[in-house]
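Here is a short briefing on a protein chain. Look over the sequence and the fold, then read on.

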Amino acid sequence: MKFIWFSDLHAHLHSNYGNPAERLESCLKIIDLVYDTAIKHGASAILFSGDMFHKHEGAPTIPQELLHQRVASHDVGIPFLYINGNHD
């Protein structure tokens, strides 16, 4: 079995990292890259070990929904396993 593992994406509309929309788009591109890598290497599952979002309290609904839709859009039969982190 092969796994692709990543963590600490900290998706959020960060105003202190330049353009908040660009930051969010970068996070969405990371999800695509993870799936591309999983497919390329024949991974059995993608493991995410926490901190998908930057803040639990008041986490923006739009980034959450966009990330969840992006994960769901990769209907390639590779499970995406998610564990909450201390920020989630």
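Asp8 lies in the loop between strand 1 (3–6) and helix 1 (20–40). Helices (H or I, at least four residues) and strands (E, at least two) are DSSP runs, numbered from the N terminus. This is a predicted model: local features need pLDDT of at least 70, side-chain atom pairs count only at pLDDT 80 or more, and totals for chains, interfaces and linings use all residues. Residues are numbered from 1 along each chain as its sequence is written, and side-chain values use heavy atoms, with hydrogens and water left out.

**Positive phi in loops**

- Asp8 is not a glycine, yet its phi is positive, about 55°.
- Asp8 is partly exposed, because its relative accessibility is 43%. The cut-offs are these: buried is under 20% relative accessible area, exposed is over 50%, and partly exposed is in between (1.4 Å probe, protein chains only).
- Asp51 also has a positive phi, near 65°, and is a residue other than glycine.
- Asp51 sits in the loop between strand 2 (45–48) and helix 2 (61–73).
- Asp51 has a relative accessible area of 7%, so it is buried.

**The salt bridge**

- Side chains of opposite charge can pair when their charged atoms come close.
- The whole structure holds one salt bridge (a side-chain nitrogen of Lys or Arg within 4 Å of a carboxyl oxygen of Asp or Glu).
- The side chains of Arg70 and Asp32 form a salt bridge, at 2.6 Å from N to O.
- This pair links distant parts of the chain: Arg70 is in helix 2 and Asp32 is in helix 1, 38 residues apart.
- Arg70 is partly exposed, with a relative accessible area of 21%.
- Asp32 is partly exposed, with a relative accessible area of 21%.
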